There are 2 protein chains.
Amino acid sequence: MTGPDTRHLTRHEGQVDRDQRRALFGHGAATVWFTGLSGSGKSTLAFAMEHALVGRGVACYVLDGDNVRHGLNRDLGFSPQDRTENIRRIGEVCRLFTDAGLVVLTAFISPYLDDRARVRSLLPRGAFYEAYVATPLEVCEDRDVKGLYARARAGELPEFSGISAPYEPPVDPEVVLDTRSLSTEAAVRRLLERLEEDGVIPRAESDHGSPG
Amino acid sequence: MTGPDTRHLTRHEGQVDRDQRRALFGHGAATVWFTGLSGSGKSTLAFAMEHALVGRGVACYVLDGDNVRHGLNRDLGFSPQDRTENIRRIGEVCRLFTDAGLVVLTAFISPYLDDRARVRSLLPRGAFYEAYVATPLEVCEDRDVKGLYARARAGELPEFSGISAPYEPPVDPEVVLDTRSLSTEAAVRRLLERLEEDGVIPRAESDHGSPG
């Protein structure tokens with residue numbers, strides 16, 4: 001069978017809606033999409049955000065290579081087509097988590113502008129935060145925490161973003177974070193403030209009357 | 001590149017663990033997997049459960065044809081291979097939602113024993129509830145709410161489970177629900193009680209001292 005087949009598709013009355021989910025969780029839902037080169041600090045930031053959000057009672061979850069590349073997308077490699085399909089599926093999972101009322105954080109290089117634009121289009125307006133982790137290539141390569149840049153330069157890792165495959169930086173991201181000038185704590189604070197300003201999460205009680 | 005490529009995979013210290021998620025949500029996590037023929041009542045039960053769970057403050061979400069077939073799995077059809085891949089991906093999404101601390105409910109025919117066994121194997125022991133909606137074929141076909149059985153009998157819908165494609169009933173499901181003898185309310189009550197007994201969700205306050 002080709003083309004759309006709607007045999008199993010019916011809208012159900014009385015489904016839990018977005019307002020009910022907001023009331024249940026005590027906050028809104030969003031996707032915070034970290035993008036940047038390998039070693040730029042995406043995962044560190046995503047998990048630091050998760051830690052901070054849980055500390056404030058916010059239901060959240062991190063999608064990263066560890067829980068996606070070994071599971072949902074274990075059938076995909078690193079070719080341009082597979083990278084696109086990788087990001088498409090992750091975007092759809094973000095849509096489900098956001099629809100469920102959570103703040104979902106993703107840590108994937110996601111090198112293509114078009115792929116990220118497609119994820120944005122899946123989500124309700126205002127629910128997608130593109131967070132560009134703008135650590136420059138030289139710095140990432142200099143850190144080379146996992147030794148991947150050395151292997152990429154040696155030709156052992158083909159299609160490595162920034163070396164042997166493109167990385168297309170965001171044009172108009174919601175947030176830009178340069179981990180040279182910004183500590184993890186400061187980056188998390190900036191992101192939390194943005195989510196507070198937009199009403200996704202409530203303001204922290206300790207913010208009131210704080211001199212900072 | 002073929003074979004496993006672990007270039008982006010690193011465990012992160014201090015990730016939010018299962019106990020912290022239980023504390024955050026005030027309940028445990030599980031996948032309740034409804035399986036049964038088209039028209040057996042899977043979606044009705046899943047959404048009734050969602051409604052009941054949200055009413056009790058339980059974070060939950062329904063995966064069904066509507067939000068999965070049109071999204072994550074829009075590239076898949078109804079061939080045996082595509083059905084298997086459909087269920088594999090849904091199982092992986094259940095794993096993510098359960099890992100995130102939610103009770104996730106699914107409403108898919110999921111006709112193959114092997115496919116369902118594979119989903120079970122993805123989840124922590126005790127976190128997978130196979131709920132067999134055992135409404136017999138004759139009853140489903142007699143209801144034919146969406147007119148699909150008539151179309152399947154007319155040969156318009158090939159590979160239709162129970163008619164022109166197999167449906168393999170569960171061998172040892174956690175719960176069996178026959179919608180002929182059991183109202184939706186009674187089925188929901190039975191499922192909630194099972195989740196309470198297993199400590200996935202707290203007992204409802206109204207249960208204490210109730211004459212029923």
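I began with helix H8 (residues 184–197) of chain B, which lies across strands E1 (30–35), E4 (128–133) and E5 of chain B and runs at about 175° to E5(B). Angles here run from 0 to 180 degrees between N-to-C directions, with axes fitted to C-alpha atoms, for helices over the stretch in contact. Helices (H or I, at least four residues) and strands (E, at least two) are DSSP runs, numbered from the N terminus.

A note on the source: this is a predicted model, in which local features need pLDDT of at least 70 and side-chain atom pairs count only at pLDDT 80 or more, while totals for chains, interfaces and linings use all residues. Residues are numbered from 1 along each chain as its sequence is written, and chains are lettered from A and ligands numbered from 1 in the order in which they are written.

Next I looked up the sheet in chain B: an open one of 5 strands, ordered E2-E3-E1-E4-E5, with parallel pairing. Its edge strands are E2 (60–64) and E5 (175–177), each pairing on one side only. Strands count as paired if DSSP finds at least two bridges between them. I found E2(B) joined to E3 (residues 103–107) of chain B by 5 bridges, and Tyr61(B) has Val104(B) as its bridge partner in E3(B).

Then I turned to chain A, which has 8 helices and 5 strands. From the N terminus on, I read its elements as α-β-α-β-α-α-β-α-β-α-α-β-α.

Conventions. Two residues are in contact if their C-beta atoms, placed from the backbone, lie within 7 Å.
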